[in-house]
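Trainee: Could you take a close look at one part of this model for me? Pick a single element and stay with it before you step back.

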Amino acid sequence: MGIAVIGPACNVYFAPHSRLTNRATELARVHPRLRLPQAAAGGAIHRKSGERKGGASLATARRRASCSLLLTRPVPLVSPTAVRTSPGTFLSADTHKKKGDSQDIFLSAGSFSAMDLLSAAYGTTSEDEADGTPASNWVDTGLPSVAPPPPKRPRWGPTPYQPPPPLPTLQPQPAPPLAAPVSGRYVSKRERALLTALQAPTDSEAPLPPPMAPESSPVLGSLTDSNIRPDILRSLRCQPKSGSTNSLPLKLSVSLTSHTKAVNCVDWSPSHGHLLASAGMDHTVHIWNVWNNGNTSARVLKHHTAAVKDVRWSYHQPVLLSGGFDCSSRLVDAEVGKEIRVFKEDQPVEVIKFNPSNSNLFLSGGSKGSLRLWDIRTGLATKEFNRSLSTILDLEFSADGKQFISSTDTTRSNVSENTIIVWDILRQVPLSNQIYTEAFTCPCVRYHPYEASFVAQSNGNYIAIFSARPPFKLNRYTRFEGHGVWGFPIKCSFSLSGRELASGSSDGSIYLYDYKSSKLLRKIEAFKEACTYVAYHPVIPNVIASCGWTGEISVFE
């Protein structure tokens, strides 16, 4: 009987379809120190020399081997079918061929004594091992010494929680004073900054600055009508009926100059007719007490951080809404100049409009084509109208607030698509998008105050008329011509009676048309550059305000 020691790097191969294979597999599954590597196909790699081993006997034995055990500790192997011939030389019971100093051992179904030794060595735990000391099961075989086995891995067990020791209290120590720079030595910027900070007087007991309150605009003038012209005051309080006079604006009444850049929009207050708001490219919104005998500039609102594109008064209270290129719309209390709410968007805001039937709702359109209906009470968008549009040029609500018109900058070839769209607010769907089929964009759309029609300012240098009822047909026999647009955002406005239609012009003049006959009634020279916006007064019929790219605002009566 041969006695040998299997080292920790030995591979023990087992013949297929044998009970020995099943026992080896079960043993490797339950014991953590036995690994069951996958048997390689073809020859074997020599453990010491690293050379490829071949040969019919070794290849045959490998093909017959179905699994192997990679031992992780030395085990005394006693097998009746293995004969020791010389140190490091073994004869397999299957092949009986010399393997040299190979570390590969092949066992057949008859090598049960070797399997028993493996089970005894790996399957049981001695008392010494239970105490943490590995057992010594060495057999003196006369073979060369083998490296001692690695210690057994400690078993895991729950350990009681021990709180960490308290950290020592560190006393702040003053930093060593910096030495004055030697004359002629280079002093870096960081060193100069440290020297300046140390030399500056500090007051450790100085109180912290109070938290910043919401910014409010300074009060420049009065918003009341106590100091305005008597004739204007009588006109505002009497509120003449629409159509009671046929007089047209003739002369310049007031010139307002405070904006430093172009003015984009002006809007009269419906509830306080002596107040006018303007939005400019200088990031400001101005509130004017137009006919005040003292200071006409009442407020300057600087809440926006970019150009302000549009401004609107609320219908029933002195609250101002403005939208600009800082991707926000801002609601401001005009009396105190304090910002009430901010409506953030993902696009620069081009145009805003209050709903005439519900002043708590307003519509906004931006440069990315998004249309949103906002609620000023919650600050949230209640509806969104999606149509993959381009820049929104203008918006206009119908008198009942159930529909609105949008004008966009989307054009294709020679036929405009989605240039003018009539929307149903409740269903959030377009009622028609093939209204204006000419290859021009329309920077302005306006509903007639009494008739079922609306007009659109075209970049073709004319104003077109459309029916306000489906299918929204274009009036091909009547248009308003004479003024120039030429790509400017020229706006138009109906008079209080609806008999006159006023329009700005690229030549800086105001053009007044008769709505029925489309004839030019009067031309008023307002500015030296383009007049982009005109707005009739909501109470006094013969008053009109205008603004342009010069930064001036002119009021005619």
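**Strand S16 and its neighbours**

Mentor: Start with the pairing: strand S15 (residues 308-313) and S16 run antiparallel and are joined by 5 bridges. Keep in mind that this is a predicted model. Trp313 finds its bridge partner in S16 at Leu320. The chain gets from S15 to S16 by a hairpin of 5 residues.

Now the other neighbour. Strand S17 (residues 328-333) also runs antiparallel to S16, with 6 bridges between them. Here Val319 stands opposite Asp333 in S17. S16 and S17 make a hairpin too, with 3 residues between them. Look at Cys327 in that turn: its phi is positive, about 60 degrees.

Next, the cover. Take the faces one at a time. Val319, Leu321 and Gly323 lie on one side, and they are buried. Leu320, Ser322 and Gly324 lie on the other, and they are buried as well. Both faces of S16 are therefore covered, since buried means under 20% relative accessible area.

Step back to the nonpolar cores. In soluble globular proteins, nonpolar side chains tend to be buried together. The largest core here has 36 residues. Val266, Trp268, Leu276, Trp291 and Val555 touch the most other members. Follow Val266. Leaving out residues up to four places away in sequence, Val266 touches Leu276, Ala277, Ser278, Tyr533, Ala535, Ala545, Cys547 and Ile553. Apart from that core lies another, of 15 residues, including Ile420, Val422, Val445 and Ala456.

Key: Residues numbered from 1 in each chain as written. Predicted model: local features only at pLDDT ≥ 70, side-chain atom pairs only at ≥ 80, totals over all residues. Heavy atoms only, no water. Core = buried A, V, L, I, M, F, W, Y, C linked by side-chain atoms within 4.5 Å. Buried < 20%, exposed > 50% of the residue type's maximum accessible area, 1.4 Å probe, protein only. Contact = heavy atoms within 4.5 Å. Helix = DSSP H or I, 4+ residues; strand = E, 2+ residues; numbered from the N terminus. Pairing = 2+ DSSP bridges.
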